[in-house]
Amino acid sequence: MDHPASDVELVPENEKIENGKERGHPFHCELYDTEIVRKIGQIFLPGLSSACVDNTTGDMFRSPGSVAVDVRKEMIDYLTQRSESFVAESVVLEGGPDAEVSDHPYDIISVMVDDFTSLKRSLFGRVSGWLLSEKREDKIDDFMQEMETNGFWLLEKREAIAQILVKNVDYKNIFHCDKKFNTSEELAEHVVNCGFRTMNCTNEGCTTVFCAGQLEKHDSACPFKIIPCEQQCSENIMRREMDRHCITVCPMKIVNCPFYVVGCQSTVPQSMVQQHRSDNLHSHLLNTLKGIHEGASEEDLKRRVDQIVELSSGQLADDRDVRSLILKVKDLEAKLGPLEVKAAEKFGKESTKAGENGGEESIEVGNNGGDESAEVAKIGGEKSTGETYVEDKI
């Protein structure tokens, strides 16, 4: 059976007088930070489940479900008493209000829930390795799901307890409204504009509830809000769909040039690819021809590019990739004939020059050889004449 939620009176008895008139500031604003209250309410059920499982571990006659109602009541009483004395404890134990103690209600109450859970552990759980076992975690999860399925301690009732705890531990008045008023009219006027009043998100699909003071924070992060494209295209996109839009269909998506594989290192918005291809046609053609005519000089290839562009009559700007460009280039080159390479003419001139130098050397050698031949012939003649004279004499 659920523990009844406590009804907090707006007008304490000690602030009333006998004739019914109120004194002091009897009307209090009871609004809280909705988000914090909900988060705190959500930790109660796991804490209760842990306490019930650990308390009955090793006991053959009790199950977590059999002690859930009693343990829940003990838990509420424990948290209420601890929260009421929290400010005094923090001053005594931590050295004063300026000591380094977390002032966030969620952190404070989470510690209290853990403390209560540890107090409810059975002797078996304390002396065994039960606290570190996977079986324990599984039993806690199973029992927590069982309580949720059966509607045991609904979230709304847990939040009612959380509101009281937040008021007790929020001594800096950051997460709840502490305003007080003399009349109910003043209170009603304040509630309409209170920063802790509950609001619902107006973005279609969002069901988040928050306090008015968190409106700007939520609006800046709401996944359902429609916002302009982060890459500055003309589209308005839901924030949670922005990443997918930017990397898939956004016309301003940054992509590599289609001619990246032949050497163009440019990255351009997807919508500007056609313009980029048109503006850089000559460089794309040059890179393509380098792969077709390996070893040709850049000067010769640039001259060939001009010939191809002139012959194509602007048709090459429509080619979307390297393959289609290469096919058209080869067709145009077949009409232009073989590539004229200035490097061959230069080589011919060098050969001619070498031939001239070689001819001069031949002539010089020939002249030398002629002199030597004449000398040999002269010697031979003299020898031949001598031989004739001897033969005649004989």
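A quick word on the ground rules. What you see is a predicted model, where local features need pLDDT of at least 70 and side-chain atom pairs count only at pLDDT 80 or more, while totals for chains, interfaces and linings use all residues. Residues are numbered from 1 along each chain as its sequence is written, and side-chain values use heavy atoms, with hydrogens and water left out.

Let's start with the whole chain. It has 15 helices and 8 strands; these are DSSP runs numbered from the N terminus, with helices being H or I of at least four residues and strands E of at least two. Of the 394 residues, 32% are buried, where buried means under 20% relative accessible area, exposed means over 50%, and partly exposed is in between, using a 1.4 Å probe and protein chains only. Contact here means heavy atoms within 4.5 Å. Among contacts between residues at least 6 apart in sequence, 56% join residues at least 24 apart.

Now, some individual residues. Where does Lys 120 sit? Look at the loop between helix H4 (105-119) and helix H5 (123-127). Lys 120 counts as buried because its relative accessibility is 15%. Leaving aside neighbours within four places in sequence, Lys 120 is in contact with Ala 51, Asp 54, Asn 55, Val 71 and Glu 74.

His 218 is next, and you'll find this residue in helix H9 (residues 215-219). Is His 218 buried or exposed? It is buried, because its relative accessible area is 15%. Not counting residues up to four places away in sequence, His 218 touches Cys 201, Cys 206, Thr 208 and Phe 210.

Ser 234 lies in the loop between strand S5 (226-228) and strand S6 (236-238). With a relative accessible area of 73%, Ser 234 is exposed. Ser 234 and Pro 251 are 17 residues apart in sequence, and their C-alpha atoms are 9.0 Å apart in space.

Last stop, the inside. A cavity is a set of points, on a 1 Å grid over the protein atoms alone, where a 1.4 Å probe fits but cannot get out; lining residues have an atom within 4 Å of a point. How many cavities of 30 Å³ or more does that rule give? The count is 1. Among the residues lining the largest cavity are Phe 259, Arg 277, His 284 and Asp 319.

Technical notes: 1 Å grid on protein atoms, 1.4 Å probe; cavity = no way out; pocket = protein on both sides within 12 Å on 5 of 7 lines; lining within 4 Å. Points joined across faces, edges and corners; volume = space filled by probe spheres on them.
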